[in-house]
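Please look over the sequence and the model below before reading on.

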Amino acid sequence: MTTVLWLVEGSWEACVDAARRLGLRDVVLVHVVDEDAAAGWSGAAAGLFGRGAPRVDTAPFDEAGAAVLDAAVARLGGAPERRLLHGRVEPAVLDACAGADLLVCARDGDRARRGPHNLGRETRYVLDHAPCDVLLVWPGAVPAGVDLPPAP
Amino acid sequence: MDAASTGGAVLAAVVLLGVLAFAVVRPRGLPEVVAALPAALLVVGFGLVPVAAAVDEVAALAPTIGFLAAILVLAELARRHGVFAWAGNGMARLSGGSPRRLLGAVFVVAAATTAVLSLDATVVLLTPAVLAAAAAVGARARPAVYATTHLANSASTLLPVSNLTNLLAFAASGLTFTAFAGLMAGPWLVAIAVEYVVLRLYFRSDLATPARPAPTQRRPAPVAALVVLGATLVGFALAEPLGLPLVAVAAAAVVVLGAVPAVRSPRETASAVARAANLPFLVFVLALGVVVVAVQRGPVQGWLAAIVPARADLVGLLIAAGIAALAANLLNNLPATLMLVPLVAHSPGLVLATVLGLNIGPNLTYVGSLATLLWRQVLHGHGRPPSTATFVRLGLVSVPPVLVAAVVALWVALRLGGWR
């Protein structure tokens, strides 16, 4: 069984810990470099009109992604496959899931209460369109509070 | 209007658009001035701008351009003294590993950097330090990067030195340095506060990830450089009462901060200072000024004059800021400044409202919509089309509230200060 672990800064440890807890083998570690942030920076540099287009160094974005993968390998143990991807986050993750049996990803919204705000925009999109089963884990403890809609 | 002057007005507009397009596309990586200087000569050669008017424009802009060069060099020298690396380390330590506290630290540092050393320093020199801080605490870079790039615009309203648009408007407004700063302090703080609320909400899921306390080694503060920068600010405030030109204060700061690197490695420092002063850019601004004069002599200026408000009441301030923000997004805020400021120069309140629009507006499209389209085309050509979704969406939700709140704060400041 092939499992994809989608790792994002701030919440990836929970995915790795879940894979260890469940004894998952044949694991692929996936991190998508955030092109949005790089685009924001290069847009601002282009906004410095007339200054000879200051150079925007995107290497730190790649380095931060590689550091997440390194740390995840160390935490997981063994020699899992690792993929550092580029492009828009949602399609990149979905592509990486092609042929996999399980995707493990973390919640990244409000962690104070259980409810509809527990998922970021990208996570929700990936959940909605995942081509395989999904294991959704909490980073940190599961919150005690809950937002329940009024009973119908 | 006769056929000749209509032809002249069209030619001037085409030349200006050509200069702007060249500056964004930069064919073969050529500097922007390569198109702007011949364009300025062209409009003078065709008689669209009399030689005397062109000389007047260059003479009027020259002191501002000199001051700008000194500020650009000062920021580079601050980098060499390790000010930005120290700030990056400080942001990482202050955050305690919490993404929300990191965002707060980035806001403080980016707003201060923009105000004192100008938006150029924030975008070019501070952003790498912000990325390093986010990486050091393992936080997502996106909120911190957008905070930095947004504040480079929306927090560039405090001092005349914070943005080239301010320098140009300041020269035309007749305000003193301290009066400018005094009136803009409120709008500056309000803009930063509203920006903070918008970014906290927009990036709430990225910011909700657990804190990851990571020990970061404390970096010693570059005390000498920080003292010189502080003294420079005080010097700016004191220069005018003492009858000193502001550029003298900035030049003195450059000499003091440059002394140690210049003794250590004279040749390398000289070339770095020359690169930071960015002579092609300075000439570009002068040439752009002359091309804009050609456009101003055509009907466009009349159309603009008809819609620019005459009175600095709240409605007038809002309209002035709105026109400025629109112009900054249609063209770019540099030509927009050159066109709009002469129309409102009679009223300090309207000048400052225009500055708010010119500086905060670009967060919608950064370089102007025409230019953004070209910029995307250029990047498409390089095979890496940028995702502009986040910055356009974030611009749409942040620019209107930030701009309106800042203008209202300016209105309050003007009334409290007894300005009409």
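Predicted model: local features only at pLDDT ≥ 70, side-chain atom pairs only at ≥ 80, totals over all residues.

How many bridges join strand β4 of chain A to β6(A)? Five bridges do so, with β4 covering residues 102–106 and the two strands running parallel; here strands (E, at least two residues) and helices (H or I, at least four) are DSSP runs numbered from the N terminus. Residues are numbered from 1 along each chain as its sequence is written, and chains are lettered from A and ligands numbered from 1 in the order in which they are written.

In chain A, an open sheet of five strands has the order β3-β2-β1-β4-β6 with parallel pairing, where pairing requires at least two DSSP bridges between two strands. Its edge strands, β3 (81–85) and β6 (133–137), each pair on one side only, and the twist averages 20° from one strand to the next.

Helix α1 of chain A (residues 12–21) lies across β1, β2, β4 and β6 of that chain, at about 140° to β4(A); angles run from 0 to 180 degrees between N-to-C directions of axes fitted to C-alpha atoms, for helices over the stretch in contact. Helix α4 of chain A (residues 89–96) packs on the sheet and touches β1, β2 and β3 of chain A, contact meaning C-beta atoms, placed from the backbone, within 7 Å.

In chain B, B:Val291 touches residues including B:Val15, B:Ala36 and B:Val43, not counting those up to four places away in sequence.

Note on methods:
Contact = placed C-beta atoms within 7 Å.
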